[in-house]
Number of protein chains: 2
Amino acid sequence: MSAVRVGLLGLGTVGAGTINLLQRNNDEIARRAGRNIDVVSAAARHLDRPRACSTDGIRLTTDPFSIVDDPETEIVLELIGGYEPARELVLRAIDNGKHVVTANKALIAKHGNEIFERARDRGVTVSFEAAVAGGIPIIKSIREGLTGNRIQWLAGIINGTANYILSEMYYNSREFAEVLAEAQRLGYAEADPSFDVEGVDAAHKLTILASIAFGIPLQFDKVHVEGIGHVSREDVAYAEELGYRIKHLGMCKWTEDGVELRVHPTLLPERQLLANVDGVMNAIMVMGDAVGPTLYYGAGAGAAPTASAVVADLVDVVREFNVEPESRVPYLAFQSTALSDQPVLPMSAVETAYYLRLEVLDEPGVLADVTRILGSNGISIEAILQKEPAPGADDVPVIILTHRVKERQMNAAQEQMEALPAVQGRINRIRLEQLQ
Amino acid sequence: MSAVRVGLLGLGTVGAGTINLLQRNNDEIARRAGRNIDVVSAAARHLDRPRACSTDGIRLTTDPFSIVDDPETEIVLELIGGYEPARELVLRAIDNGKHVVTANKALIAKHGNEIFERARDRGVTVSFEAAVAGGIPIIKSIREGLTGNRIQWLAGIINGTANYILSEMYYNSREFAEVLAEAQRLGYAEADPSFDVEGVDAAHKLTILASIAFGIPLQFDKVHVEGIGHVSREDVAYAEELGYRIKHLGMCKWTEDGVELRVHPTLLPERQLLANVDGVMNAIMVMGDAVGPTLYYGAGAGAAPTASAVVADLVDVVREFNVEPESRVPYLAFQSTALSDQPVLPMSAVETAYYLRLEVLDEPGVLADVTRILGSNGISIEAILQKEPAPGADDVPVIILTHRVKERQMNAAQEQMEALPAVQGRINRIRLEQLQ
């Protein structure tokens, strides 16, 4: 059978990695897919750049629209990233009746509803396994492997840069800013690290995971997003003393009242597998009502792992090339007519346990005031750790772990505690989850 | 659209669990599959037994063949287990043009080649996600999620009973026989525990995993199988002292000379995620050349987790009900015309590191003799641990970790060491893998 003709948009790291993988494992892939998969054309911004792959036999162009409009192109592979012109290119590819494979988490999280509706109208496939957690087949596992379950919640380490920084802070007692600067120097983190360390990248991925887990539309703008900038070396050490690790998690949870969508640093019990996922690795824990807890671990970024997911999508599309649209797996796991309008909960209604670090003046009665405020707001205490003052310092750190409580109660308690004369500055507050 | 009609063979734990799950999550499953899935008939050996599920509206029979032959049955769900009559029933269902979903690892491992050939001829689907690692979607992940990769090896904790016993030996310093007896009392282990603790069950599952990883025919009779009966409480403790955990692994590995297929207890570095999978949980680590290491974790047995996998298969079949056979995912991941005839390596040619426990007389020169024998057989030593003799005992345990070496060299060295007058009895030998 003739080879499937792929038109590639974007010849950066992942684009080159995909070409390399398709060439290197060409026979292995054809043994699985039943046909060869050839990249026949590729669009790049500059044609004279050195590349990390061979482009022999590939028609190169600076005009991605020429590939999208080319009748020869059977599958459009979008690896440009970002919102535009990726959105316009993908919609035009769909209008032209072409299947699309993309690794673009921002595009799917923000414009996925529009894209999938258009793709449904035209009867083409849009695949996006590489958009979440790199090489881990997490989209497929949830969308097809757990279809008998009501998914109750999922929690994932889905940004490798943030996890690398937190791992370094833990293992080598380093400060956030120092590790970040090193990660940028080593090329792990972008020059503008805000997407990674402020949680936007994780929020894109969580948006997608929540939709396929719960059968809700993509709602990126409703995700609560917190980065790791306020986690200090001391917090990491105090958490360890109490038996916890701090991880940057994307979490979503189904409750009767609504869906929780949130990205924030989180204390996890140190025995949890998820707490032991280190460095740039990713892992997602998924809780189904039938299967119980499951976990999926692997490389969440990088040329080859991302290419692994891209090629898996290409093989899926090729295997199902002649399948009628209604027999394909729905884009968001659930039939488009069966999406739920369950609302997204405001954070004030979300319940978690908390880690609190207060700097207080070393004088009598402070702890009594603090615990009274917590009690009067209905917050019970799980553990308190009072440290010695640093040499020459007036204030001492007090660390409190609370039981689960709604955020609005914690907000009220925090305001009252910070108004105490003995409490210095802001209280550092980090959520805590048992994941049970 | 009308409901899909499933005929169920076997109303035991998993059968009842599947009926319960289909009933409880009926709407959630239909939202994903696009159609309702109804069990319309079920065969059980005795009709008057109390069941763990409601059978209202289900036609019950003691004759499974009547279900397989019923023109009303669209999908046959085989949950009887064992080789016969499961094989005859499945083949007849295929001959009748029905799709088959099965959780039967023994059947697929031993008769899968015959079953898949028959299914190919008739153009029907045979799905078997529940046959390996319960609710973990490991078949789907390898078969569809890692299709861009050459799988280099995989290693799995794929028998929950064996893992429960080893976990108890580790955490509570208990002896094998004592934990096994308890597991039988609690119903974790079968009355005849040989399938679990002697590794036959794990070998069934490994056979299936190796085929879909490498694209080779199912070759159950070529798996090297070792149980955990010779692992003592002392071995578990010595391994811990050296930084290792002992796990019962199924492993397969692709080498230039052949494929390794083996089930045996294995020392793993304690920081490996796989080493920290405890109790009855399962996990499989898969190494792909593009994606690197990935890991899949979850419940490997039990009514609800197994039902989770069974229902996922049913949803897959329903989604693809009208798909032409050539557009479906191949049974063993690779196109049937593209299976490899790579031979299975004899164990004598398999290379691993080793843990050795010798009981030796406490006299001079013994260690020199032992290390000389290892050296003359080309075996280098990674670590030696010599313990004090127990009070009143003449002999002392010596623990040796070796570097990687072919088994035939280790066999020769072991024979020579056991011939030394100072070496008492047999040497206890357990393989060691770094999984890197």
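Predicted model: local features only at pLDDT ≥ 70, side-chain atom pairs only at ≥ 80, totals over all residues.
Several elements of chain B build the side that touches chain A. α1 (13–24), α2 (26–33), α6 (138–145), α10 (200–214), β12 (292–299) and α12 (303–319) each supply at least two residues. α12(B) gives the largest share, eight residues.

## Extent of the interface

Contact involves 64 residues of chain B and 65 residues of chain A. Together the two chains bury about 5200 Å². Carbon and sulfur atoms account for 48% of that area.

Three arginines stand out on chain B. Arg31(B), Arg32(B) and Arg319(B) supply 16% of the area that chain B buries against chain A.

## Salt bridges

The count of salt bridges between chain B and chain A is 10. One of them links Asp289(A) to Arg24(B). The closest N and O atoms of Asp289(A) and Arg24(B) are 3.0 Å apart.

## Strand pairing between chains

Strand β12 of chain A covers residues 292–299. Three bridges join this strand to β12(B), and the two run antiparallel. Within this pairing, Leu295(A) has Tyr297(B) as its bridge partner. β12(B) is also among the elements that each supply at least two residues to the side of chain B touching chain A.

Definitions and conventions:
Residues numbered from 1 in each chain as written. Chains lettered and ligands numbered in written order. Heavy atoms only, no water. Contact = heavy atoms within 4.5 Å. Buried area = accessible area lost by both parts, 1.4 Å probe. Salt bridge = Lys/Arg side-chain N within 4 Å of Asp/Glu carboxyl O. Helix = DSSP H or I, 4+ residues; strand = E, 2+ residues; numbered from the N terminus. Pairing = 2+ DSSP bridges.
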